[in-house]
Amino acid sequence: MSWFKRVKEGITTSTEDKKAVPDGLWHKCPRCKKAILASDHQANCYVCPSCKYHDKVGSAEYFEILFDDGICEELFAGIKPTDPLTFSDTKDYKSRLAESQKKSGLTDALRAATGNVDGMPLVVACMDFNFIGGSMGSVMGEKIARAIDYGREHKIPVMVISKSGGARMMEAAFSLMQMAKTSAKLALLAKDGIPYISLLTDPTTGGVTASFAMLGDFNIAEPEALIGFAGPRVIRETIGKDLPKGFQSSEFLLEHGFVDFITPRTELKSKLGQLLRLLANKPKESEQAS
Amino acid sequence: MTTYFDFEKSIQELDEQLQKAKQLAEKSKIDLAPTIKDLEEKILLEKKKIYGNLTGWQRVQISRHADRPYALDYIEHCFTDFIEQHGDRNVKDDKAIVGGLARLGNQSVMVIGHQKGRNTKQRQFRNFGMPNPEGYRKALRLMKLAEKFNIPIVTLIDTPGASPGLEAEERGQGEAIAKNLLEMSVLKVPVICVVIGEGASGGALGIGVGDKVLMLENTWYSVISPESCSSILWRSWDHKAKAAEALKLTATDMLQNGLIDGIIAEPLGGAHNNPEEMYATMKETLTQQIEELKKFGSEDLINKRIEKFSGMGAFEEV
Ligand SMILES: [Zn+2]
């Protein structure tokens, strides 16, 4: 197996702009309402130390948490959304895109990057929920497809971090077909024997769940995430009853056999390193006999 | 009794006049042949006018007509020797997806389709054509079986969506559909998918990854139903017609956007108006397509299939 070849260092890599947290700024946990220093919250991978609430963070934060020294190379950043159907509901899709781009500083709801995670090379495609609910349009599908191609070409394992409400309605059937496209690409990755890891975070629903998010060689979930195909509201309306407690949670999926394991975000990086080294049959350098 | 759509009012009126004229001719022995002929011509013209200019929402309505042929109707009339195969070998037999070996002319095929019901009892039995995970797993089992014996696959798509429910989630609806998408993309035999009614979202795509994906003229295929789209984007069910237009969900739109491979013409007035003609067209089309696809080796088929779906999407690159 040769997919664990190291990424060539120092050639094309650049440091993710680390979000500087001003001194003395406080973060209040949306769940337990306890306040901690924002810098401590960041240092704890945006997880509340009191109640373990995992804050909904995006690609910038995940890249910073996962890649060694925050160093990675962003991939396919030039792929941008268009409005193929000239879609308009209460607002034009075009203006919706422009607004989201301005507000988030992102071009669409997913970014891909490559670098070393705990010393092991990995391609990571990560969703941004604050961009139209992390919805899957052509850009997300294309970037995931290319991330997989990149993994095949360079023999590097691929991980997708999902955080999405599902399809992007304003791209209608274009959005739907991203499910087929990404799944077909994963079939090729599997044929090449390159590992694919799916990280399910809060929330992962709809077309994302019904394609690449459920196809991991390893399906890993963050604790207490909402993960499902149909949204809870739709199911509640269909069955006319309240849903049982914990329904569609990470723990529910683990119990029903659809998730390999749950890992807190604070342990994610070391867990990934451990997993990738096991797959590569490669002990940790510090543990290697000299 | 014929059921007319709201946009067929003029046809209904003419039909009623025609019936009256025929009855009168019968009773009074007056020669009304010219009047009858005139009315029949008018009806034909009116139908051509209306059906030549349908809106997206009108096609959605036609796709749901209770008299429209369903999967088992096509299986009965286009195929012979059908042996229905049940169950996913794991949980149970899902009644919203049917399938089994059959013969199309001289060719053995595996035919799989969503199945709806016509009356209340049947609808419940078929869960309104909304499969649970075991339906998708049964479909995949049959497809892998066909692959094993080098038999082409035909899927007939007609679903308002995969079933949303407690059991569906417990048994992994998302995983079941996802697995089918991956596995279908690398099936070694020809796969032809035809949308015969409703093509709603992942529930449709779950048996919809093929070398040729075709739509009947009056069907729809999209990521969401116009009703649900209306309720989410406009926060009301009243904008379904507008949503249907916005989603560009007709066969013509889908072909234009490069998301399907072709359109199968329906008889004037829709498939339910002349099922025999519809079955004949379907049989001819499927036979032709299978003959065409049989010329390719499996490697070729798979490469082309993956290439096709990989090319779907609309974006800019700078
Ligand atoms: Zn807390």
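A word on bookkeeping: residues are numbered from 1 along each chain as its sequence is written, while chains are lettered from A and ligands numbered from 1 in the order in which they are written. As the model is predicted, local features need pLDDT of at least 70 and side-chain atom pairs count only at pLDDT 80 or more, whereas totals for chains, interfaces and linings use all residues.

Let's start with confidence. Residues are in contact if their C-beta atoms, placed from the backbone, lie within 7 Å.

Now, where do the chains meet? The contact takes 50 residues from chain A and 45 from chain B. Helix 8 (173-185) of chain B is among the elements that supply at least two residues to its side, and gives the largest share, eight residues. Helices here are DSSP runs of H or I with at least four residues, strands are runs of E with at least two, and both are numbered from the N terminus. That side of chain B divides into 28 nonpolar, eleven polar and six charged residues. For those classes, Ala, Val, Leu, Ile, Met, Phe, Trp, Tyr, Cys and Pro count as nonpolar, Asp, Glu, Lys and Arg as charged, and the others, Gly among them, as polar.

Pairing requires at least two bridges found by DSSP. Look for A:Lys80, whose bridge partner is B:Glu316.

Finally, some helix packing within chain B. The axes of helix 10 and helix 11 of chain B come within 8 Å and cross at roughly 105°, which makes helix 10 of chain B roughly perpendicular (65 to 115 degrees) to helix 11 of chain B. Axes are lines fitted to C-alpha atoms, for helices over the stretch in contact, with angles from 0 to 180 degrees between N-to-C directions. B:Cys229 and B:Ala244 are among the residues that meet there.

Helix 4 of chain B packs on helix 13 of chain B at about 75°, with axes 10 Å apart. B:Tyr74 and B:Tyr279 are among the residues involved.

Terms used: Contact = placed C-beta atoms within 7 Å. Parallel < 35°, antiparallel > 145°, perpendicular 65-115°, else oblique.
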